[in-house]
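Trainee: I have just opened this structure and would welcome a guided tour. Could we begin with how helices are described when they cross?

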Amino acid sequence: MKTFYGTALPNPLMLGTAQYPSPAILEQAFRQSGAGVATVSLRREGAGGAGAAFWQMIQDLGVLILPNTAGCHTVKEAVTTAHMAREVFDTKWIKLELIGHTDSLQPDVFQLVEAAKILTEDGFEVFPYTTEDLIVAERLLAAGCEVLMPWGAPIGSGRGLNNPYALRAMRAEFPEVPLVVDAGVGLPSHAAHAMELGFDAVLLNTAVARAGDPIAMAQAMMGAVRAGKLAHDADPIEARDMAEASTPVIGKAFLT
Amino acid sequence: MKIVLNGDPLEVAALTLADLLQEREVSGRVATAVNEEFVPASLRGSCHLKDGDRVEVVAPMQGG
């Protein structure tokens, strides 16, 4: 089993913590699904210290913490945010997001590679949110990344895997690298699809948090990633165009 | 001295970043940056503030 910078995940579901109807529902979504990794963020501390209550809850969940650099548009901003996250969350892990386009939230892969190099040299363990581009992937690995997180579709779009062909190519090109589909998943079938392609985990947030029943959807997603992984490991059959009878013909009663 | 704290202009008596957090009664788990540069917790006491400094104080928050 592949590890993420030496850490084995308890299961292949990484779950975001934003946009839930309430902290109690967020907590139950984690507890009932068993998701083992929580993505978190940093925001300006307002009056009342809301950050402290959130941090306490996340700690009580006992999950692995993956802080992000969401909303960063420059290398400098992302690097400073990563340093702040490392101190606050006490982890070397960082989900590196460098947004390049306002509407699609597509990663700016040029700045991504640059920031990944700086952060790796600073001792971070970088989880880069990237596209399915293989050359960018190579550059990220050369920069020191040991995990790749290509998008399935734009963040929050719920479209599923926009480009399964490219994701399959990425899996084939980097068989030893832990790969995570990050963003774009809307349904359990999308999550299962990613795992069937041989991905090592799926990271999602909106699909669960904005569902009518986030707790049930979190459980559905966990079922899907587990099913997808089992299916991949079970070596599925190839699709074919024509039927092939599954019931043996030999021995059939002759009744005409 | 006038600084900008989390985007808001503010008149403060504090001379260092550590004093500022105390003055604003910020406790708990936060990280700090001054003029877009990260300032580790261990260096807040020796981080002297100047007029016009832009200070960011961030805390854990939900994220995707």
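Mentor: A crossing is called left-handed if the near helix is turned anticlockwise from the far one by less than a right angle, and right-handed if it is turned clockwise. Please keep in mind that this is a predicted model.

Trainee: Is the crossing of α3(A) and α4(A) left-handed or right-handed?

Mentor: The crossing in which α3(A) passes α4(A) is right-handed. Helix α3 of chain A covers residues 75-89 and helix α4 of chain A covers residues 109-121; they pack at an angle of about 35°, and their axes are 9 Å apart.

Trainee: Which residues of α3(A) and α4(A) meet there?

Mentor: From α3(A) come A:Val75, A:Val79 and A:Ala82, and from α4(A) come A:Gln111, A:Glu114, A:Ala115, A:Ile118 and A:Leu119. By class, this contact has six nonpolar residues, one polar and one charged.

Trainee: Why would residues spaced like that sit on one side of a helix?

Mentor: An α-helix has 3.6 residues a turn, so residues three or four places apart point the same way.

Trainee: Are A:Asp182 and A:Lys95 buried or exposed?

Mentor: A:Asp182 and A:Lys95 are both buried. By contrast, A:Arg240 and A:Glu244 are exposed, and their side chains meet in a salt bridge at 3.3 Å, N to O. Salt bridges that share partners also join A:Lys2, A:Arg171 and A:Asp200 into one network.

Trainee: What does B:Lys50 pair with?

Mentor: B:Lys50 forms a salt bridge with B:Asp53, and their closest N and O atoms are 3.3 Å apart. B:Asp53 counts as buried, at 3% relative accessibility.

Trainee: Back to helices. Which residues of α7(A) are buried?

Mentor: In helix α7 of chain A, residues 188-196, the buried ones are A:His190, A:Ala191, A:Ala192, A:Ala194 and A:Met195. They pack against β7, β8 (201-204) and α9 (214-233) of chain A. Just after α7(A), A:Gly198 takes a positive phi of about 100°.

Trainee: Which residues does A:Met217 contact, leaving aside its neighbours within four places in sequence?

Mentor: A:Met217, which is found in helix α9 of chain A, is in contact with A:Pro188, A:Ala207, A:Val208 and A:Ala211 on that basis.

Trainee: Last one: where is A:Glu125?

Mentor: A:Glu125 is in strand β5 (residues 125-130) of chain A, and at 17% relative accessibility A:Glu125 counts as buried. Apart from neighbours within four places in sequence, A:Glu125 contacts A:Tyr5, A:Lys92, A:Trp93 and A:Ile94.

How values were computed. Residues are numbered from 1 along each chain as its sequence is written. Chains are lettered from A and ligands numbered from 1 in the order in which they are written. This is a predicted model: local features need pLDDT of at least 70, side-chain atom pairs count only at pLDDT 80 or more; totals for chains, interfaces and linings use all residues. Side-chain values use heavy atoms; hydrogens and water are left out. Axes are lines fitted to C-alpha atoms, for helices over the stretch in contact, and angles run from 0 to 180 degrees between N-to-C directions. Helices (H or I, at least four residues) and strands (E, at least two) are DSSP runs, numbered from the N terminus. Contact means heavy atoms within 4.5 Å. Ala, Val, Leu, Ile, Met, Phe, Trp, Tyr, Cys and Pro count as nonpolar, Asp, Glu, Lys and Arg as charged, and the others, Gly among them, as polar. Buried means under 20% relative accessible area, exposed over 50%, partly exposed in between (1.4 Å probe, protein chains only). A salt bridge is a side-chain nitrogen of Lys or Arg within 4 Å of a carboxyl oxygen of Asp or Glu.
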